[in-house]
Amino acid sequence: MSDQGWISLYRKIQNSFVWTNSDQLKLWLLILMKANHSENKFLFNGEEISVSKGQMVTGVNVLGDEFNAGVKPVNRVAGRTLWRWIKKFEKEQMLSIKSTPKYSVISVLNWNDYQQSDKLLSSSRQAPVKHLSTNNNDNNEDKEPPVDYAALINYLNEKSGRAFHNTEANRKLIKARLNDGFTKKDFQKVIAYKSAEWKDNADMSKYLRPNTLFATTHFDDYLNEANTYITSQGKTNTTSDGQRAGKTAEEITNKEQEHLKEIERRAREVKANNEHRD
C-alpha cells in the first residue's frame with residue numbers, strides 16, 4: 001500500500017472506546033491507513049494474495065513491527081496484545097478477520113461509509129461510524145453490562161482476606177486491563193487462583209493486592225496459569241457455550257463458580273506439592 005493519499009476520519013470517533021486509549025486509537029488508524037482503497041494483488045510471505053477495498057493482509061509479527069516502528073522500547077506494545085485488541089474490534093463489529101496458518105485478512109466493515117466523499121452524505125443517513133459508538137445497540141443482549149468495580153474489589157477482599165477499597169487507583173488498574181480486552185470473568189479467575197496459591201504463604205500473601213495482580217506485566221501470565229488448570233480438567237465451557245446449550249442464567253453462573261472453586265482447589269494442591277518437595 002502506498003504511503004500517499006488520505007483517509008476520512010469522522011468526529012464521532014470521539015464517542016468510541018478507542019478514543020480513551022491512545023494505543024488502541026493508533027492501532028485503529030493504522031488499520032484504516034493500511035487497508036487497500038481498491039482491489040489489489042501482492043506478495044505476502046512468498047504467496048500472492050488478492051484483496052478487495054477495505055482489506056489488509058497481516059500477521060502478529062508484521063503488525064507489531066508496523067505499530068512499533070520508531071517507538072522507544074519502553075513504549076512498545078507486544079504483538080499478542082495488539083492482536084487481542086483487534087479481536088475486540090471484531091467483537092465490536094468494527095472489522096472481520098479471516099485467518100490462515102500463514103496470514104490473516106482484516107476487512108474494515110462499512111468501508112465505503114468510512115471513505116466515501118462527504119458530498120455523498122445526507123442528514124437523513126445514519127452516521128458513517130455508527131459501529132464505533134459506545135451507545136450503539138444499547139438493547140443488544142450480547143453487550144456486556146457496565147463493570148461493577150466495587151464488586152470485583154470486594155471479590156478480591158473475600159478471597160484474599162484483605163480490605164482494599166474502591167479507590168480511583170484500583171479502578172484505573174481494572175479499567176486498563178479491560179481496555180486490553182480482558183473480561184470480568186478473567187479478573188475472577190486470576191483472583192481465585194492467586195488467592196488460593198498465596199493466601200496462606202507468609203512471603204507471598206502481601207502480593208495479593210491490585211497493583212500486583214492487575215498489573216500489565218503480570219495479569220496475562222496469571223490468567224494463563226488459571227486457564228491451564230481449567231483446561232487440564234476439561235472445564236472449558238464458556239457462558240456463550242451455556243447459552244447455546246439452552247442453560248439458564250442461574251445454571252451458567254453456578255458453572256462459572258464451580259470453575260473458580262476448581263482453580264482454588266488445584267492451586268492449593270500445587271502449593272502443597274511444592275511444600276512437600278521442599
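**Exercises on a predicted model**

Pro 210 is found in helix 8 (residues 210-213); helices are DSSP runs of H or I of at least four residues, numbered from the N terminus. The model is predicted: local features need pLDDT of at least 70, side-chain atom pairs count only at pLDDT 80 or more, and totals for chains, interfaces and linings use all residues. Residues are numbered from 1 along each chain as its sequence is written, and side-chain values use heavy atoms, with hydrogens and water left out.

**Exercise 1.** Determine whether Pro 210 counts as buried or exposed, and list its contacts.

*Solution.* Buried means under 20% relative accessible area, exposed over 50%, and partly exposed in between (1.4 Å probe, protein chains only). Pro 210 has 3% relative accessibility and therefore counts as buried. Next, contact means heavy atoms within 4.5 Å. Leaving aside neighbours within four places in sequence, Pro 210 is in contact with Leu 156, Phe 164, Asn 170, Leu 173 and Ala 215. Of these, Phe 164 is 46 residues from Pro 210 in sequence, with 8.3 Å between their C-alpha atoms.

**Exercise 2.** Classify the packing of helix 5 and helix 6, and state which residues make the contact.

*Solution.* Axes are lines fitted to C-alpha atoms, for helices over the stretch in contact, and angles run from 0 to 180 degrees between N-to-C directions. Helix 5 (residues 149-160) and helix 6 (residues 168-179) pack at about 100°, with axes 10 Å apart. The two helices are therefore roughly perpendicular, the class for 65 to 115 degrees; under 35 counts as roughly parallel, over 145 as roughly antiparallel, and the rest as oblique. Helix 5 contributes Tyr 149, Leu 152 and Ile 153 to the contact, and helix 6 contributes Asn 170, Arg 171, Ile 174 and Lys 175.
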